[in-house]
Structures are given as structure tokens and as C-alpha cells.
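Student: I have a structure on my screen and I'd like to learn how to read it piece by piece. Can we go through it together?

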Amino acid sequence: MQTFTAIRSFVFHYPKTIAVVTVTGVGLLGVKKWMAGGVCRSRASLDGKTVLITGGNTGIGKETAVDLAGRGARVILACRDMDRANKAAEEVRRRTGNDNVIVKKLDLASLKSVRELAKDVLASEERLDVLINNAGIMSCPKWQTEDGFEMQFGVNHLGHFLLTNCLLDLLKKSSPSRVVNVSSLAHERGQIYFDDIHQEKDYRPRKSYSQSKLANVLFTKELANRLQGSGVTTYSLHPGIIRTELGRHFWPTIPLWKRVVFTPLSFLIKSPTEGAQTTIYCAVEESLQDKSGLYYSDCAPKTAAPQGLDDEAAKKLWDLSASLVGLT
């Protein structure tokens, strides 16, 4: 009774304060809902279908796996850290009731690992209906892959480029099938540095990340051109700004005062479930079956940056990538 009296007294004496707090709260909830973006409304079933997701042990990759497993798909989580991958697979099985979720080893920083995974999949799987190139690294120090490639370009683009090409015959056999490449809005700041593709002259983490995400968009475009009439369609996308581990190298580089300012606003950022929606949309939306090579954001088509629409650059990047990974 005393608590109720105290609340009533506060409301009576400070009505303006209550009004401001209420309006502010409603406004922030509205902003959060807007930030959450589009939702995949498709009810498509994936019974009898097989999906492979790179980096499916955390973040939007794991939430994508949960959704697609919930639709009845056989889901393959292709991951570098097998302990975390096995825990993620168990979580996906528990949340969906689908036991057909398996784990395979993949280190995108190693062309040998990519080829070994592809060989395993081709030998063990009868079909592959959706390949989701989701794994990535962002704004890391100047690291190199096992094969001497700049890490972000090597993992985010070259590893997925080789994996996709190695699995193309199975994707064609399973058609209609899809290749979904998780890119980023960062591609709008990107440029392909053909004369210094590994950033040896001027390495800057965000510059390199933007190049790799632009490469995802151009790869999607050129792959669509090469797969016309095959029954395999391709999609690239921006998932949004999301609370995931992707920013683990980027966040510490931000000045302290900016981190202090931005931290209270972090609740407005998309959750992994919200961030996975456009990936899921590109993987299952029925109306996209006859569309290929386009870019999406918030579960809707979006025009990529001008440099992401350059057919000549897309072909040049393909030829360079094929040469770097030893693809004949």
C-alpha cells in the first residue's frame, strides 16, 4: 500500500517528468523497431533440401541456421572452431527439433581447407540447395592467410570464391538452387585495388574490409552472368548493423569517448535474429526464384553502389581471383 501511495504521489507532483519519460521511451522503441528492418515473411518449407552455411556457429549465421532448420532443411555448419560449432549445432537441434544438423571443418584462411571441405561435401551429400557464404572477418590487423593473401580479402572473398566454384556442379545438379553472399553497406566505400589487391603499400583495416565487401557484390554479379540458364541463382546482401562478434577487432580501435557515447545506444542495434532476416529472405523467398545477381537490404532489393554495378570490374575481379586460388 505504501508503494502504491508513493507512486501515486510521484505521478501527481511530477506529471511533466512522467510525460517526457513516456514520450522518450515510446520514441526510442519506435527507432528500435525501425532499426530492426525488414522481416522475412516467407513460409517456404525446406523439407528434403540441404543448406550449407559458412560461419554458422555464431551471430547471424547461427540464427540463419535456426530458421532454415526450423523449415525442415538438412543444415551443414561449416566452421573453423569445431568445439563452438558442435555446441551451436546442438543448440540449433534443441531450438528447432531438427536433428539433421551437422558440422564440418572449414578454415577460409586456408585454400587447402576449402578444397578439403568441398571434397567432403561432394562425396557425402547427394544435393546442395542453398550455399550461404556468411563467415567473415572485419577490420583486423595486417594479417595474412595461410596462402599469403591479405586476411580480409582472403577470408571474406577468395575463400568463398573458391568454395562456391568447387561446389557448383552439385548446386547445378540440385537446381533450382541458390548462392547467398553476405556483403555489407561498407561496399559503398569500397574500391578494388587491382594494382595492390593485398594492400601491401597502404594497409588500413576499414579500407581492406570495404574492398572485400565490394568483392562480394561483384562476385555475385559475375557469378549470375556465368550461371544463366543453369537454375542456380545468386544474391548479395547487407544484413544491417548487428550486435555480433564481427566487430571484435574494430571496437577497440574506436576512441574511448566515442565508445562511452555509443554504448547506451547499443540496444537500438539489430539483434542477430533481426540481422539474419535478409539472408533468410534471399535463401527462401519464392518471388526471387527468377532473379539473380542483385543486392538486397532489409528483405528488399536495393541498388548497389556504382562500383558494385561495374560489369568490367566484376569480370576482371573474377579472372584475378581465379588466378590467385588456382582455379582452372
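**Reading helices, strands and loops**

Tutor: Let's begin with helix H5: on the face turned away from its buried side sit the exposed residues Lys-112, Lys-119 and Ala-123. Keep in mind that this is a predicted model.

Student: Fine. Which residues of H5 are buried?

Tutor: They are Leu-111, Ser-113, Val-114, Leu-117, Ala-118 and Val-121. Looking down the axis of H5, you find these buried residues within an arc of 160 degrees, so they line one face of the helix.

Student: And what do the buried residues of H5 pack against?

Tutor: Quite a list: strands S1, S2 and S3, plus helices H6 (151-166), H7 (168-173) and H12 (311-325).

Student: How do I check the length of a helix like H5?

Tutor: Count 1.5 Å a residue and compare that with the distance between the end C-alpha atoms. H5 (residues 111-124) has 14 residues and reaches 20 Å, close to the 20 Å expected.

Student: Let me try H4. What span should its 15 residues give?

Tutor: Helix H4 (residues 82-96) should span 21 Å at 1.5 Å a residue, and its end C-alpha atoms are 21 Å apart, which agrees.

Student: Which residues of H4 are buried?

Tutor: Ala-85, Ala-88, Ala-89 and Val-92. Seen down the axis of H4, the buried residues fall within an arc of 105 degrees, so here too they line one face of the helix. The face turned away from that buried side has the exposed residues Asp-83, Lys-87 and Arg-94.

Student: What covers the buried residues of H4?

Tutor: The cover includes helix H3 (59-70), strand S2 (74-79) and strand S3 (101-105).

Student: I'd like to look at the ends of a helix too. What happens at the start of H4?

Tutor: There, a side-chain oxygen of Asp-81 comes to within 3.1 Å of the backbone nitrogen of Asp-83. After the other end of H4 comes Gly-97, which has a positive phi, near 75 degrees.

Student: Now the strands. What holds a sheet together?

Tutor: Strands of a sheet pair through backbone hydrogen bonds, either parallel or antiparallel. In this model, an open sheet of 8 strands runs in the order S3-S2-S1-S4-S5-S6-S7-S8, and its pairing is mixed. S3 and strand S8 (300-301) stand at the edges with a single partner strand each, so one side of each is left without a neighbour in the sheet.

Student: Take S2, then. How many bridges join S1 to S2?

Tutor: Strand S1 (residues 50-54) is joined to S2 by 5 bridges, and the two run parallel. Leu-52 has Ile-76 of S2 as its bridge partner, while Thr-54 is partnered by Ala-78 of S2.

Student: And how does S2 pair with S3?

Tutor: In the parallel sense, over 5 bridges. Find Ile-76 again: its bridge partner in S3 is Ile-102.

Student: Is S2 mostly covered or mostly open?

Tutor: Mostly covered, with 5 of its 6 residues buried.

Student: Which elements come together with S2 in β-α-β units?

Tutor: Follow the chain from a strand over a helix to another strand. S1, H3 and S2 make a right-handed β-α-β unit, and S2, H4 and S3 also make a right-handed one.

Student: What about Arg-71, buried or exposed?

Tutor: Buried: Arg-71 has a relative accessible area of 13%, and the cut-off is under 20%. Arg-71 sits in the loop between H3 and S2. Its side chain makes a polar contact of 2.6 Å with that of Asp-67. Setting aside neighbours within four places in sequence, Arg-71 has contacts that include Cys-40, Arg-43, Leu-46, Ile-280 and Val-284.

Student: And if I zoom out, how many helices and strands are there?

Tutor: The protein has 12 helices and 8 strands. Of its 328 residues, 49% are buried.

How values were computed: Residues are numbered from 1 along each chain as its sequence is written. This is a predicted model: local features need pLDDT of at least 70, side-chain atom pairs count only at pLDDT 80 or more; totals for chains, interfaces and linings use all residues. Side-chain values use heavy atoms; hydrogens and water are left out. Helices (H or I, at least four residues) and strands (E, at least two) are DSSP runs, numbered from the N terminus. The expected span of a helix is 1.5 Å times one less than its number of residues. Buried means under 20% relative accessible area, exposed over 50%, partly exposed in between (1.4 Å probe, protein chains only). The arc is that of the directions from the helix axis to the C-beta atoms. Contact means heavy atoms within 4.5 Å. A polar contact is a pair of N or O atoms within 3.5 Å; within protein, one must be able to donate a hydrogen and the other to accept it, and residues adjacent in sequence count only if both atoms are side-chain atoms. Two strands pair if DSSP finds at least two bridges between them. A crossover is right-handed if, with the strands pointing away from the viewer, the path from the first strand over the helix to the second runs clockwise.
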